[in-house]
Amino acid sequence: FPKAQPKCLKCYFLSFWDYETPKVMVVKNRTLGVIYRSVQFLVITYFIWYVFISQKAYQESETRPESSVYTLMKGTAVHGDDILDTVEYARPSEGGDVISTILRREVTYDQSQGTCAEHFNVANANCTKDSDCVQGEVDFDGHGRRTGRCVQYYNHTFKTCEIQSWCPIEEYAVVREPALEEAINFTVFIRNSIHFPKFKVGNIKDASNKRDMQKYLNKCQYHEEKEPYCPNFRLGYIAHKARENFTELCRTGGVIGVFINWQCNLDIDPSNCKPTYAFRRLDLRKDQANSGYYYRFAKYYRKDGVESRTLIKAYGIRLDVIVHGHAGKFSPIPTIISTVTAMTSVGICTIICDWIMLTFIDKNEVYSDRKFDEVSKWHRVFNMFLCFIP
């Protein structure tokens with residue numbers, strides 16, 4: 001058929017410019033009509049209520065704001081004969097997105113550089129003679145460098161290897177102080193402001209900044225419903241919202257995340273942006289060896305001309321302030337995309353009802369014959385076949 005190829009190509013070219021349109025068929029079936037209108041109603045309701053109103057699909061959004069956080073710990077507690085202020089229990093007393101408070105201390109007094117017996121729980125520390133101890137050896141799970149001598153373990157009858165370190169070692173001489181449970185009423189001040197550079201909106205601060213700050217902050221305590229704008233949080237309230245027992249936190253310490261979430265609709269006044277707060281324990285409680293929160297620090301002084309220190313192992317609550325934000329503002333591009341998507345999705349109704357009509361309706365064969373024109377289909381095939389006839 002070499003001679004027929006030009007004619008065939010001509011047929012294809014001409015058929016390319018044909019216009020095709022679907023056949024419209026009105027089906028007088030009340031059940032099918034109810035299904036069709038119901039599905040239409042659900043699709044339209046979904047786009048109007050959820051997509052446009054709830055999700056604000058007509059807005060351009062930004063989810064990575066720039067944020068600044070200022071924290072401050074306030075309160076006074078009685079601990080034995082001592083009065084503790086912010087300097088004693090807060091680290092740091094004021095700071096950024098991390099602040100901690102000491103709830104319990106384990107203190108080792110009057111340590112100085114020298115030699116003493118290693119703790120008996122350290123691997124290979126127990127000995128009976130000097131040859132059991134390797135001079136100069138350092139065990140990184142221990143407390144110092146071994147001198148090569150086997151000495152009596154303080155006032156006990158057994159012996160361990162002697163080490164060069166801060167003596168006496170912490171595990172032997174530690175003094176455990178009672179927990180500072182009065183800290184449940186300590187106040188944590190958290191001020192946060194955010195900036196959305198994409199929309200060139202200035203710093204947005206928490207709503208409490210609108211009021212007379214001094215008078216307001218002296219008497220308010222944050223409450224989700226009664227005082228949602230107050231930036232003062234009781235430490236006990238934070239522990240409760242994180243579903244933690246404060247007495248247990250005093251014993252082991254813990255890390256609690258303070259999650260601040262800003263939802264801003266910039267189509268209205270940015271000052272209406274309101275932060276919401278959530279609290280959650282962050283440290284791994286299942287891993288008993290690494291759960292809780294504690295750290296060590298020392299207070300140095302000179303005693304009889306010798307440098308000495310008091311070693312403090314502090315258990316407490318560390319607050320990590322984590323800020324999230326979402327801002328939206330009207331933009332024509334997402335509005336057009338969402339509108340076109342909604343209009344296209346209405347076509348799903350026709351697909352569903354066609355499937356029901358051709359599958360479950362009693363007269364489905366009649367509807368199929370009316371909907372699909374088999375004569376037209378074979379007529380086109382026949383015309384294409386004629387293209388190959390010279």
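Predicted model: local features only at pLDDT ≥ 70, side-chain atom pairs only at ≥ 80, totals over all residues.

Reader: Where does R281 lie, and what does R281 touch?
Author: R281 lies in strand β16. Leaving out residues up to four places away in sequence, R281 touches A242, E244, L249, T252, G253, G254, V255, I256 and G292.

Reader: What makes the pairing of R281 and D283 a polar contact?
Author: The distance. Their side chains are joined at 2.5 Å. The cut-off is N or O atoms within 3.5 Å. So the pair qualifies as a polar contact.

Reader: How far is the backbone oxygen of G253 from a polar atom of the R281 side chain?
Author: It is 3.4 Å. That value, too, falls within the 3.5 Å limit.

Reader: Which residues have the most contacts inside the largest nonpolar core?
Author: C264, F279 and L319. That core has 40 residues. β15 gives the most, with five residues.

Reader: What does C264 touch?
Author: Not counting residues up to four places away in sequence, C264 touches I194, F196, I204, C273, H326, A327 and G328.

Reader: Which residues does the second core include?
Author: Among them are V39, V43, A57 and A342. This core is separate and has eight residues.

Reader: Why would nonpolar side chains be found together?
Author: In soluble globular proteins, they tend to be buried together.

Terms used
Residues numbered from 1 in each chain as written. Heavy atoms only, no water. Core = buried A, V, L, I, M, F, W, Y, C linked by side-chain atoms within 4.5 Å. Buried < 20%, exposed > 50% of the residue type's maximum accessible area, 1.4 Å probe, protein only. Helix = DSSP H or I, 4+ residues; strand = E, 2+ residues; numbered from the N terminus. Contact = heavy atoms within 4.5 Å. Polar contact = N/O pair within 3.5 Å; in protein donor to acceptor, adjacent residues only side chain to side chain.
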